[in-house]
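Good morning, and thank you for coming.

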Amino acid sequence: MSNEQSCFRIAAIASVFLLAIASSISAQQPPTLSADALARASAFINTTGRPLDRALLAFHFGHGSRSAVIAELAKYQNADGAFASDLDGDTRWTGSSPMGTMIGLRILNEVKAPTDDAHVKAAINYLLATFDDKKGYWHALPMEANTAPHAPWWDVHRDSGKCEVESAVFPTAAIAGYLQAYSDLLPPGFLERITQSSLRYLSAASTRMPMPNIEALTTLVQFLPPAKSGETVAKLKRVLAAVVERDPQKWTNYTVQPLTFVHAPDSPFYAGMKEAIPANLDYIISTQQTDGGWKVTWSWEKTDPVAWKLAEKEWRGAVALENLEKLDSFHRINR
């Protein structure tokens, strides 16, 4: 065999070897949301979602600004500084509530609104004025919220004065989390008080707890420095291990999925969910609807079909945006 033939043979073998490696690597790559699927999801949000969700989409995936998001959010802020309750689509009440203000603060945190922002200051003034000092927490909704269409879980009972999802930590623990960025605007010791009361609740609680409580407590802990959250993270990992559904066949129902409370790899709860998250990301990608959005897994249509139709439309826009943010956080979007 000549030197030329030998070199050709070696090159051919190397080429086959490299193709095999490339094929193997490709096979190991997890699926991603295609650029076309992203475009369809974005179009769905821009035609179906609320103006606020459209502004958030532009902020995260386009060239949208913080000021544009805050301008849309401000449309939900009432004269008393609170945010309207219908920021949560399952109540159509536009009046003020700590629950609505919790969501407003979440979005202000999301876009990193500064401490001197007027909307931040107004919201905090409202919260300080409505804190139940005797009980040591905020009530989710006032009785007046019953006058508007709403899901059964937001119904404020006359005997107790609270809805079924309200507790000593919902919405208080989540609010305490969002207030960490604005501690300079609070009275001395106030933030520490509501933070510690929430952590004591968690310490004494069963690992089987209602989803709103888990949401509020995981929110709080994610804003705490690691030096102060070691034990609470460990407890919440046990809580998630007990309540998270890992069977993809059951994710079509309203249940706690691996990504429900783990939205990014830097979450303090990621390690405990690491093995289950890839399948959940695959599931999100595979269940995108032909219109670009995703189905919602809950309904209160039987309570009020007309109101639910509007709420479902809003929720589908919000869920689509949330799914895009999760996929992007785990580098599962091809863009």
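**The chain as a whole**

Among the contacts in the chain with a separation of 6 or more, 65% are between residues 24 or more positions apart. Please keep in mind that this is a predicted model. The chain has 335 residues, and 47% of them count as buried.

As to secondary structure, the chain holds 13 helices and zero strands. The C-alpha trace spans about 95 × 45 × 40 Å along its principal axes. The chain exposes about 16,800 Å², of which carbon and sulfur atoms supply 54%. Turning to charge, there are 32 positive and 35 negative side chains, and the centres of these two sets lie 4 Å apart.

Let me now turn to the interior. In soluble globular proteins, nonpolar side chains tend to be buried together. Here, the largest nonpolar core has 99 residues, and those touching the most other members are Leu108, Trp154, Leu179 and Leu324. Which helix gives the most to this core? That is helix α13, residues 305-329, with 10 residues.

Apart from neighbours within four places in sequence, its contacts are Leu105, Ile124, Trp138, Leu186, Leu191 and Ile194. Trp138 also belongs to an aromatic cluster, together with Phe131 and Phe190.

**Two buried residues in loops**

We move next to the loops. Serine 85 lies in the loop between α4 and α5. Is serine 85 buried or exposed? Serine 85 counts as buried because its relative accessibility is 0%, where the cut-off for buried is under 20%. Beyond residues up to four places away in sequence, serine 85 touches Thr91, Trp93, Thr94, Gly95, Ser96, Ser97, Met99, Gly100 and Leu141.

Valine 169 is in the loop between α6 (118-130) and α7. With a relative accessibility of 0%, valine 169 is also counted as buried. Setting aside neighbours within four places in sequence, valine 169 contacts Ala174, Ser198, Tyr201, Asn213, Ala216 and Leu217. From the C-alpha atom of valine 169 to that of arginine 238, 69 residues apart along the chain, the separation is 18 Å.

**Aromatic pairs**

A search of the whole structure finds 10 aromatic pairs. One of them joins tyrosine 178 and phenylalanine 223 in an edge-to-face arrangement, with 5.6 Å from centre to centre and 75 degrees between the planes. Tyrosine 178 is in helix α7 (residues 172-179), whereas phenylalanine 223 is in the loop between α9 (211-222) and α10 (226-243), so the pair ties together parts 45 residues apart in sequence. Tyrosine 178 is buried, at 9% relative accessible area, while phenylalanine 223 is partly exposed, at 34%.

Another pair is formed by tyrosine 254 and tryptophan 298. Their ring centres are 5.9 Å apart and their planes stand at 65 degrees, so this pair is edge-to-face. Again distant parts of the chain are linked: tyrosine 254 sits in the loop between α10 and α11 (270-273), and tryptophan 298 in the loop between α12 (277-286) and α13, 44 residues apart. Tyrosine 254 is exposed, with 53% relative accessibility, and tryptophan 298 is buried, with 19%.

**Backbone details**

I close with the backbone. Most residues other than glycine have a negative phi, and most peptide bonds are trans. Where does this chain depart from that pattern? The peptide bond from phenylalanine 170 to proline 171 is cis, with omega near 10 degrees. Proline 171 lies in the loop between α6 and α7.

Lysine 112, though not a glycine, has a positive phi of about 55 degrees. The position of lysine 112 is in the loop between α5 and α6, and the residue is exposed, at 64% relative accessible area. Histidine 331 likewise has a positive phi, near 55 degrees. Histidine 331 is found in the segment after α13 and is exposed, at 68% relative accessible area.

Definitions and conventions. Residues are numbered from 1 along each chain as its sequence is written. This is a predicted model: local features need pLDDT of at least 70, side-chain atom pairs count only at pLDDT 80 or more; totals for chains, interfaces and linings use all residues. Side-chain values use heavy atoms; hydrogens and water are left out. A nonpolar core is a set of buried Ala, Val, Leu, Ile, Met, Phe, Trp, Tyr and Cys residues joined through side-chain atoms within 4.5 Å. Buried means under 20% relative accessible area, exposed over 50%, partly exposed in between (1.4 Å probe, protein chains only). Helices (H or I, at least four residues) and strands (E, at least two) are DSSP runs, numbered from the N terminus. Contact means heavy atoms within 4.5 Å. Rings of Phe, Tyr and Trp (its six-membered ring) pair if their centres lie within 6.5 Å; planes under 30 degrees apart count as stacked, over 60 as edge-to-face and the rest as tilted. Accessible areas come from the Shrake-Rupley method with a 1.4 Å probe; for residues, only the protein chains shown count as cover. Lys and Arg count as positive and Asp and Glu as negative; His and the chain ends are not counted. The place of a charge is taken as NZ of Lys, CZ of Arg, CG of Asp or CD of Glu.
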